[in-house]
Amino acid sequence: GRLPRFALHLPRKERSGRRRGGAGVRFVSTVQEGVAELFGELRIATDELRESIAALRQEIEEMQRTQRELVRERPSAVAPPVEEAVTVQPIYHPRQAEFDAISEDVIRWAEKMLSESEEDGWRPVQCMKALRKKYNRAGSIECWLKWMPDSRSAAAAEADGGRLHPCIRVVATIDAPFDAVCAYLSRADNLGDYNDLVVDHRDLELISPHSKITWGAIPQILFVKARDFVTFCHFRWVGEGGQTQLVINQAVEHDDKPGNNEEGDGRTCRAHAIRGANYIKQDPHDPTKTNFSLLAHGNVGGNIPTWASKTAVNTVAPIEPFKLMHNIETGALACAQALQEEEQQEPVSHRPHKKRPSGLSQLGYACFWPDGEGGWNGGTPPSEANTVKQPLPSEATGTADHVDLPPVVLPPVPPAPPPVALPVPPPVALPVPPPVPPPVPPLPEARTEPGVPLPSREPHVPGTDTVHPERPHGGYGGAPPPFDHVESVDAPA
């Protein structure tokens, strides 16, 4: 029955009402109205903030679209400046063994990352609800996010101060044929259609027919200013029968593009595509589809605090991975239609040998091998049959700690010219001379018995026959004797 302490300061009338319960009800309703008004104002502020973010994103997209148009309008016939030209290196680089070791290490890291689960720290990322019907209607794209230190080595993580950086893992099924996906991604002119986060790129150095060092640039994203990357890229064919395309990358440094790790001096700050891997293969259950697995571990660089980096990543992660896969699917379907039309128009006998193009563009880098295996810009590299390894003297003597020199590449043997079919003249009918009777050789001089004249070929005249002494009756009945009864002798010499 006692009044609350604060009620003692109320007037007596208020006390009596309080005692009856009316003033207490009014007090509670006043508090509720104040809280409701406060939440209303907070909701209004939240809506205004959301509209501001949407307007900012629209402005960023317009800036990116303008930059892409400027890049496309740049005349391709103009040669790049001398300082930006690609340094053409021999097919076998002196540091190839070093980069081969990097490739193997990245592959082991990628296999481990793809085998991990949510228990290892991977957090699922859902596509933004407003864009889900556009980018992931079938639910065939899955994405995860994990924050981890520099994955290149323990020394690199220690030099970075142990800071955590985002790693994106995407597993998707693209509704387009495998050959069309590879052909579409290997063309540099398709980059702007599926990856608008890379606005400029070029090759810095060729390491091998399958490896190169590249430079790339990205525009400003929210409050993260423009960045550039220097990345080592490598591709190979793996899996059963070599039917899976693997493109890997790791952040490196290059003398042609020294990095700037600080912001505020007017220069572009260096970011790092720390490590990444892309596995592309045909869907084993449906040959008209392609399986795509992506890993991208990156460091935005600069002096951005961790909370700001996480805010930017959490804003982009529900959009960009799903948008990337959707754009690849759209472009690959168009590419498949174009390839089918080319095959229908070109006779089978005139089709060249089937190529296996490789390459793509991802976080901060772009690497392309449109000529297929070999990946050498400007032509096909010599085959392994033309490569001869020269042993070092240290190898011949069996000493240790020797260094392998790059193999010597023999020039390719030009193909033999095709056989030339000479025209065959039509047969010519030669005139046939008339038959000439063979000459009759003269008869040898014959001798008969004494007193018997030689037989004559003159017509026979009766009564002129010479009677043979041994044939008193005319011998041959009045006819000249035949030649075969003439006794002949050899003609005198």
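Predicted model: local features only at pLDDT ≥ 70, side-chain atom pairs only at ≥ 80, totals over all residues.
Strand E11 covers residues 358-362, and five of its five residues are buried. In a regular strand the side chains alternate between the two faces of the sheet. Here, Ser 358, Leu 360 and Gln 362 point one way, while Gly 359 and Ser 361 point the other way. Both sets are buried.

The neighbour is strand E12, residues 365-369, which runs antiparallel to E11 and is joined to it by five bridges. Together E11 and E12 form a hairpin with two residues between them. Take a look at Gly 364 in that turn: its phi is positive, at about 80 degrees.

## Aromatic pairs

The model has four aromatic pairs. One of them brings together Phe 178 and Trp 237: the ring centres are 6.3 Å apart and the planes meet at 80 degrees, so the pair is edge-to-face. Phe 178 belongs to helix H6 (residues 178-185) and Trp 237 to strand E6 (residues 227-238), so this pair ties together parts that are 59 residues apart in sequence. Phe 178 and Trp 237 are both buried.

## Charges over rings

Another arginine, Arg 169, lies over the face of Trp 144, at 4.6 Å from the ring centre.

Note on methods: Residues numbered from 1 in each chain as written. Heavy atoms only, no water. Buried < 20%, exposed > 50% of the residue type's maximum accessible area, 1.4 Å probe, protein only. Helix = DSSP H or I, 4+ residues; strand = E, 2+ residues; numbered from the N terminus. Pairing = 2+ DSSP bridges. Phe/Tyr/Trp six-rings, centres within 6.5 Å; stacked < 30°, edge-to-face > 60°. Lys NZ or Arg CZ within 6 Å of the ring centre and 35° of its normal.
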